[in-house]
Amino acid sequence: MSPADGLRRLADRLAGRQQPAEDERLVALFRNRAQLKQELLSLDEERHRLLDRLKLQEGATMRVEEQLDALEQYLGRPAEGYKCLAYFQLRAVWRAAAGRVERFATELTRQQKDRERKSQLAAFEAAKRGRVADLDRELVEARVLADQLQAEQRLAEQRLEKLGGIWNHFRRKRLREAIETRRSRIDAALSQVTDLGDRRHEVESEPPPIFDGLSLEGRRAINLAVVACADGLRERLAAEGLADLARDTTRKRVYEANYGGREECLSLMQRASRAIGDIERMQDDLVALKGRTDALRGTVRYRGAADTVPSPDSLQAAGQVLVDEYWDVYKSLLR
């Protein structure tokens, strides 16, 4: 279509003249052109993102293959086999200790949530009972007032019926005015009774509030107990010479480990196996854990008013758990 044709058709449209169906379809096509172009750009951007992700995945796959090749060569040397077994046994010690800390934190969080939720509901119910009691007192007073006004109204109406004769004309007039005034007060009193009853029903029907999550103090208490639990495990495994060795497995690759000869590796594996069994069978010593937590609470400090993770330098020796990230403790701490 030439520019002249385009201008002519545009002039026809402005003049209100009808156009053929082909022109209408052409106009619709131009309207959709911008949208189609935008969708094409979005698809092109998505293609580039997917290509970038593919390159990253290829790089990660290549690194894993290189590690597997190095591990295969390492395991191909018989003298290194026991070191490899000892290494992964120590990794199992780390995982067992980390799992215990995580389970402890999960259970402690559940218990704290239950306590705070129960406390929230108890406060809500107490406040609701107080509001209902206040409304009940107002309701009693409103009903007494309504009953009193209705009784006075009945007496006034009976007196009005008994006032006969022309000489009681002014008395009847004053009495009728008093009756009309009292009737307005009765209506207001009955309306108040109804309103108070509705408000009482609304208060009684209020649903409990939604639990917004653990309080700052609750999260801090849990984190402090988790640090105490992790520090207790560190001390227990350190006494057997396993804490630092288990931590080294998270920083070194298997072919960088050196635990001595065959006998040393076998001895280390036996100690690690016993430690794993002890951790799995271990029961929480709540008294000792509470004492350890209370000792930390006496010195703990936080970097900010809203922080929940203690400052390591305020926890004395237990701060090492946070500094060296024993048992992946930060994964179990609440923010």
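Tutor: Before we start, one term is needed: a pocket is an open set of grid points where a 1.4 Å probe fits, with protein on both sides within 12 Å along at least five of seven lines. Please also keep in mind that this is a predicted model.

Student: How much space lies in the largest pocket?

Tutor: Rolling a probe the size of a water molecule over the atoms shows where empty space is left. For the largest pocket, the space found in this way comes to about 440 Å³.

Student: Which helix supplies the largest share of the lining of the largest pocket?

Tutor: The lining of the largest pocket consists of 18 residues, and Phe104, Leu108, Arg115, Ala225 and Leu289 are those that lie nearest its centre. At least two lining residues come from each of α3, α5 and α8. The largest share, seven residues, is supplied by α3.

Student: By class, how many residues in the lining of the largest pocket are polar?

Tutor: When the lining of the largest pocket is sorted by class, seven residues are nonpolar and seven are charged. The remaining class in that lining is the polar one, and the number of its residues is four.

Student: Which element gives the largest share of the lining of the second largest pocket?

Tutor: The second largest pocket has a volume of about 260 Å³, and its lining is made of 13 residues, with Cys229, Gly232, Met282, Asp285 and Leu289 nearest the centre. Two or more residues of this lining come from each of α5 and α8. The largest share, five residues, comes from α5.

Student: Of the 335 residues of the protein, what percentage count as buried?

Tutor: To count as buried, a residue must have under 20% relative accessible area. Among the 335 residues of the protein, the part that counts as buried is 30%.

Student: Which element gives the most residues to the largest nonpolar core?

Tutor: The largest nonpolar core has 51 residues, and Val226, Leu237, Tyr259, Leu315 and Trp327 are those with the most contacts inside it. Two or more of its residues come from each of α3 (81-162), α5 (216-239), α6 (243-248), α7 (262-281), α8 (286-297) and α9 (319-323). With 14 residues, the element that gives the most to this core is α3.

Student: Not counting residues up to four places away in sequence, which residues does Val226 touch?

Tutor: Val226 is one of the residues with the most contacts inside the largest nonpolar core. Once residues up to four places away in sequence are left out, the residues that Val226 touches are Val101, Phe104, Ala105, Val329, Ser332 and Leu333.

Student: Is Thr293 buried or exposed?

Tutor: Thr293 is found in helix α8, and, leaving out residues up to four places away in sequence, it touches Leu224, Ala225 and Ala228. Because its relative accessibility is 7%, and the limit for this class is under 20%, Thr293 counts as buried.

Student: How far apart in space are Leu190 and Ala142, C-alpha to C-alpha?

Tutor: Leu190 is found in helix α4 (residues 169-205), and at 36% relative accessibility Leu190 counts as partly exposed. Leaving out residues up to four places away in sequence, Leu190 touches Ala146 and Gln150. Although Leu190 and Ala142 are 48 residues apart in sequence, their distance in space, C-alpha to C-alpha, is 7.8 Å.

Student: What is the phi of Gln316?

Tutor: Most residues other than glycine have a negative phi. Gln316 lies in the loop between α8 and α9, and it is exposed, with a relative accessible area of 64%. Although Gln316 is not a glycine, its phi is positive, at about 55°.

Student: And what is the phi of Asp328?

Tutor: Asp328 lies in the segment after α9, and at 29% relative accessibility it counts as partly exposed. Asp328 is not a glycine, yet its phi is positive, at about 50°.

Note on methods. Residues numbered from 1 in each chain as written. Predicted model: local features only at pLDDT ≥ 70, side-chain atom pairs only at ≥ 80, totals over all residues. Heavy atoms only, no water. Core = buried A, V, L, I, M, F, W, Y, C linked by side-chain atoms within 4.5 Å. Buried < 20%, exposed > 50% of the residue type's maximum accessible area, 1.4 Å probe, protein only. Helix = DSSP H or I, 4+ residues; strand = E, 2+ residues; numbered from the N terminus. Contact = heavy atoms within 4.5 Å. 1 Å grid on protein atoms, 1.4 Å probe; cavity = no way out; pocket = protein on both sides within 12 Å on 5 of 7 lines; lining within 4 Å. Points joined across faces, edges and corners; volume = space filled by probe spheres on them. Nonpolar A, V, L, I, M, F, W, Y, C, P; charged D, E, K, R; others polar.
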